[in-house]
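Thank you all for coming.

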Amino acid sequence: MIIRKRLAAALCGALLVTVTGGLLPSAAFADSGDPADRPAAKEPPKVELVLDVSGSMRARDIDGQSRMSAAKQAFNEVLDAVPEDVRLGIRTLGADYPGKDRKQGCKDTKQLYPVGELDRTEAKTAVATLVPTGWTPIGPALLGAADDLEGGNATRRIVLITDGEDTCAPLDPCEVAREIAAKGVDITIDTLGLVPNAKMRAQLMCIAEATGGTYTSVQHKEELSDRVSQLVDRAAEPVVTPVATQGAERCDDAPRLKAGLYADRESFGQHRWYRVDLLPGQELRASVSIAADRPVNRDHGVLLRASSLAGREMVRGEAAGDGRTDVVSTGLRYPKSETDGTDDAHDTDGKPAAETVCLRVSNSFSAPASVRTSPGLPLELTIDITGGPRDAGDAAFLGLGHGWWLLGLLTLAGFAAGVLWGWISRWRIAVWRTN
């Protein structure tokens with residue numbers, strides 16, 4: 001009996017190792033590699049708080065005190081909690097010019113505390129001197145904040161706190177945010193509206209959505225302090241930042257992309273081309289997302305097409321939208337077989353030459369005549385290159401690729417486990433009847 005129990009346990013253990021061994025990622029056993037090949041460490045994240053100090057901040061409607069007093073108290077709490085590795089700065093708008101000259105008032109923005117290592121006492125002292133004064137030049141303030149955060153490869157975030165919409169049109173702050181995003185400088189703008197109205201809410205939401213940020217309505221001091229602290233902490237969290245790129249009008253002029261995440265802008269109805277080099281035995285996996293960061297017509301679509309340099313289509317992915325969501329995404333997979341008979345080309349070293357895959361991103365977005373079409377819609381392209389199948393048809397079979405091997409292994413493992421468990425159960429029943 002003991003021998004049989006040990007035999008059953010050994011069989012179960014072997015079966016478990018067989019199943020789980022096939023599921024463990026190979027990366028878990030991979031060597032870390034040469035430290036010199038690892039990417040350079042990123043700079044500390046940068047955050048700039050942009051505070052509205054216009055005359056309307058005198059209003060006393062936040063917990064029985066003025067909006068300015070609530071903002072100052074919230075800033076003091078935020079400054080005490082800023083992580084050590086965050087480089088923080090403060091910019092104001094409407095803090096200095098009290099006059100009625102609109103042209104002069106719309107220039108009223110300055111950096112109160114430079115972006116860098118934080119001296120909490122000095123920053124608090126600077127905030128304490130603020131007095132509600134002038135206009136609300138949100139657009140110029142965002143442009144100034146973007147300049148304050150320039151340089152390096154750090155994660156960058158602007159947090160705008162205001163109690164009213166911009167008073168310096170035609171420099172529309174929403175268009176300013178889109179232009180900042182179109183430059184590919186990877187700045188996220190989060191907006192907080194103090195006691196907002198419908199017009200201000202729409203404007204602040206537009207600013208945030210243009211750069212992938214968030215909008216928050218705030219009516220209490222604790223909400224303001226908590227939300228700003230969350231956004232500052234979020235800047236310190238590691239994120240994958242898309243690399244700015246610019247697609248071409250034809251494949252021959254397109255940028256060559258490697259595995260990674262890329263950001264671009266695409267005008268309404270435009271085609272954007274990109275190139276990827278694929279070696280035999282590799283598989284290209286690509287996906288694209290286009291966001292409607294402004295009002296668009298309801299029916300639209302996105303097409304991602306892979307083709308050869310000669311124009312032969314390999315595979316495509318497409319998706320349609322009906323206006324219920326702000327983002328439309330699609331993707332494709334293209335395996336390059338090691339045994340493909342067309343892979344006879346070699347480079348000067350005798351190695352198989354890479355095939356150039358042309359990726360074309362197209363959209364069928366349209367917009368009302370009153371909506372600006374520039375800059376283009378934000379586009380995010382993901383490129384992944386993995387080990388491909390031995391035969392191209394293997395990956396093409398219902399799109400599962402090597403997953404069929406795993407599915408077959410799991411089926412056999414389940415069958416073997418069922419037989420083994422049935423045998424053990426019968427043996428236990430037989431022993432029980434005997435005893």
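Predicted model: local features only at pLDDT ≥ 70, side-chain atom pairs only at ≥ 80, totals over all residues.

For anyone who would like a reminder, a disulfide is a covalent bond between the sulfur atoms of two cysteines.

Where do Cys106 and Cys168 lie along the chain? Cys106 is in the loop between helix H3 (102-105) and strand E3 (109-116), while Cys168 is in the loop between strand E4 (156-162) and helix H6 (173-182), so this pair ties together parts that are 62 residues apart in sequence. The torsion about the S-S bond of Cys106 and Cys168 is about -100°, and the disulfide is therefore left-handed. Both Cys106 and Cys168 are buried.

How many disulfides does the structure hold? There are 3 disulfides, and I will take the other pairs in turn.

Cys174 is joined to Cys206 by a disulfide, with an S to S distance of 1.6 Å. Here Cys174 belongs to helix H6 and Cys206 to helix H7 (residues 198-210), so the pair ties together parts that are 32 residues apart in sequence. Are these two cysteines buried or exposed? Cys174 has a relative accessible area of 5% and is buried, and Cys206, at 16% relative accessibility, also counts as buried because the limit for that word is under 20%.

The next disulfide joins Cys251 to Cys358, with an S to S distance of 2.0 Å. The link of Cys251 and Cys358 is left-handed, with -80° about the S-S bond. This pair links distant parts of the chain, 107 residues apart, with Cys251 in the loop between strand E7 (243-244) and strand E8 (260-266), and Cys358 in strand E14 (residues 355-363). Both Cys251 and Cys358 are buried.

If we number the bonded cysteines of the chain in sequence order, the pairing reads 1-2, 3-4, 5-6.

Which residues form a negative surface patch? The patch is made up of Asp63, Glu222, Glu223 and Asp226.

Conventions:
Residues numbered from 1 in each chain as written. Heavy atoms only, no water. Patch = residues over 30% accessible without salt bridge, like charges linked within 9 Å, V, L, I, M, F, W, Y side chains within 5 Å. Areas by Shrake-Rupley, 256 points an atom, 1.4 Å probe, with all protein chains shown as cover. Salt bridge = Lys/Arg side-chain N within 4 Å of Asp/Glu carboxyl O. Lys, Arg positive; Asp, Glu negative; His and termini not counted. Charge placed at Lys NZ, Arg CZ, Asp CG, Glu CD. Disulfide = S-S within 2.5 Å. Helix = DSSP H or I, 4+ residues; strand = E, 2+ residues; numbered from the N terminus. Buried < 20%, exposed > 50% of the residue type's maximum accessible area, 1.4 Å probe, protein only.
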